[in-house]
Amino acid sequence: MTETSSAHRLVQAQAKAETLTEALPWIKTFKGATIVIKYGGNAMVSPELQQSFADDIAFLRFAGLRPIVVHGGGPHISRMLDRLGIESEFRAGQRVTSEEAAEVVRMVLSGQVNREVVARINQNGDAAVGLSGEDGDLLLAKRTTATVDGEEIDLGRVGEIVSVNTELINELLAAGRIPVICSIAAEAGGAVNKPLNINADLAAAAIARQIGADKLVMLTDVPGLYADWPDKDSLLSAITPAELRELLPRLDSGMIPKMTAALEAVEAGVRQAHIIDGRMAHSLLLEVFTTEGIGTMVQDDHTTGGQA
C-alpha cells in the first residue's frame, strides 16, 4: 500500500467517524423513542432502495429506537390487478376497491410485500415480525367515502381505522421486535373475512396516534411539501398544523392523504411528523440522525426540538 492510498483511507475513516459523532446527540435524544415509519412508493420498487430502507430500520433498532413499519404496496397491487384484468382507479388520492380487488390487495400485501419487507430487515437479525391489520383485530375499520368536487364518492371496500390493538404492538416492542404491518383491516361489526383496504399513510398516522409515538415519518416520491407546486423553490422545510390546515385544500390529490395523516398525528400529540423522499438512499437515517434533516416537518408551535 502506497503512502498516498494509506492517507486517503485514513481521510475516509475520519469522515465516517465524524458522521457517527454527528449522530450521537440524536441517538441520545431518541433512545427508547417510538417511531412509526410509513414505507411505500418507489422505495419499495428498487432493490437497492429496498435494502437501504431495511438496513435503516435495523440501524434504528440497534441505536435504541423502537421502529414500527407500516406499508402499502401500490405498484405491486396495480401490477397484479392489471395481470388479472381487474379495473382500478384513484379518487381523492385513494384506490377505489371492489370486493374482487380487495381480495387481491390482501393477497399482495399480506402474502407477498409483507414477507419481502420482513425478510430484508431480518438480514440484520431476526427482530422483524410481519403482521396483517386483520391479525388479532390489529386494525379495525369502518367503510368510508370521499368527496370530489362536492360529490360524495363510494370507494368500495376502503376503510377508515376506528381502533388499533396497541396491546399487541406494545408486547412486540417490549420484546425488542419490529412490527411490520400491512395496511389492510378487518371491518368493525361488518362482514367476516372481507378485508378493507386502508391508505397506508392514514394507517400509519392512526397507529402513531393510538400508540403515542414520538415521531411519524412517511416516505414519499417527492422531496417534501411544496407551498406552491410546481414551483420547486417553494419546498417547505417545516410547517405548523395551522399553516398546513390552510394549505391542505390546495394540494394535489395524491398529497392530501399524506398531509392529512401528518396533520392528524401532530394534532393528536405525536411530537413531529415528517414527509421525506424515499427515492434517496438512507433518507430515513438522514432525517433522524443529522442536524439538518431532509423533507418537510410538521410540528406544533409549542413543541420544542429540531428537525430530527
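Begin by selecting helix H3, whose buried residues are His76, Ile77, Met80 and Leu81. Seen around the axis, they cover an arc of only 130°, which puts them on the same side of H3. Here buried means under 20% relative accessible area, exposed means over 50%, and partly exposed lies in between, with a 1.4 Å probe and protein chains only. The arc is that of the directions from the helix axis to the C-beta atoms. Helices (H or I, at least four residues) and strands (E, at least two) are DSSP runs, numbered from the N terminus.

The model is predicted: local features need pLDDT of at least 70, side-chain atom pairs count only at pLDDT 80 or more, and totals for chains, interfaces and linings use all residues. Residues are numbered from 1 along each chain as its sequence is written, and side-chain values use heavy atoms, with hydrogens and water left out.

Stay with H3 and turn to its other side, where Asp82 and Arg83 are exposed. Now show S4 and H4, which are among the elements that cover the buried residues of H3. After H3 comes Gly85, with a positive phi near 75°.

**Helix H5**

Next select helix H5, residues 166-174, and colour its buried residues: Ile169, Leu172 and Leu173. Down the axis of H5 these fall within an arc of 100°, so they line one face of the helix. An α-helix has 3.6 residues a turn, so residues three or four places apart point the same way. Glu167 and Ala174 are exposed on the other side of H5.

What do the buried residues of H5 pack against? Select strands S1 (34-39), S2 (66-71), S5 (128-132), S7 (151-164) and S8 (178-182), together with helix H6 (200-211). Contact means heavy atoms within 4.5 Å. Just after H5, look at Gly176, which takes a positive phi of about 80°.

**A buried loop residue**

Gly176 is also one of the residues in contact with Ala127, leaving aside the neighbours of Ala127 within four places in sequence. Ala127 itself sits in the loop between H4 and S5. Is Ala127 buried or exposed? Ala127 is buried, with a relative accessible area of 6%. Select Ala58 as well: the C-alpha atoms of Ala127 and Ala58 are separated by 8.4 Å, although the two are 69 residues apart along the chain.

**The sheet**

Show the strands of the open sheet of 8 strands, which has the order S5-S8-S2-S1-S11-S15-S16-S14 and mixed pairing. Its edge strands are S5 and S14 (238-239), each of which pairs on one side only. Two strands pair if DSSP finds at least two bridges between them.

Within this sheet, select S11, residues 215-220, where 6 of the 6 residues are buried. Lys215, Val217 and Leu219 point one way from S11, while Leu216, Met218 and Thr220 point the other way.

S1 and S11 pair in the parallel sense over 4 bridges, and Leu216 is the bridge partner of Val36. S11 also pairs with S15 (272-277) in the parallel sense, over 6 bridges, and there the bridge partner of Leu216 is Ala273. Move on to S15 and S16 (296-298), which pair in the antiparallel sense over 3 bridges. His274 stands opposite Met297 in S16.

**The pockets**

Which residues lie nearest the centre of the largest pocket? Select Lys38, Phe90, Asn199, Asp201 and Lys258, out of the 33 residues in its lining. The elements that give two or more residues to this lining are H3, S4 (94-95), H4 (99-121), H6, S11 and H8 (256-267). H3 gives the largest share, 4 residues.

Pockets are found on a 1 Å grid over the protein atoms alone: a pocket is an open set of points where a 1.4 Å probe fits, with protein on both sides within 12 Å along at least five of seven lines, and lining residues have an atom within 4 Å of a point.

Finish at the second largest pocket, where the closest of the 19 lining residues to the centre are Gln94, Thr144, Leu202, Thr260 and Glu264. S6 (139-148), S7, H6 and H8 each supply at least two residues of its lining.
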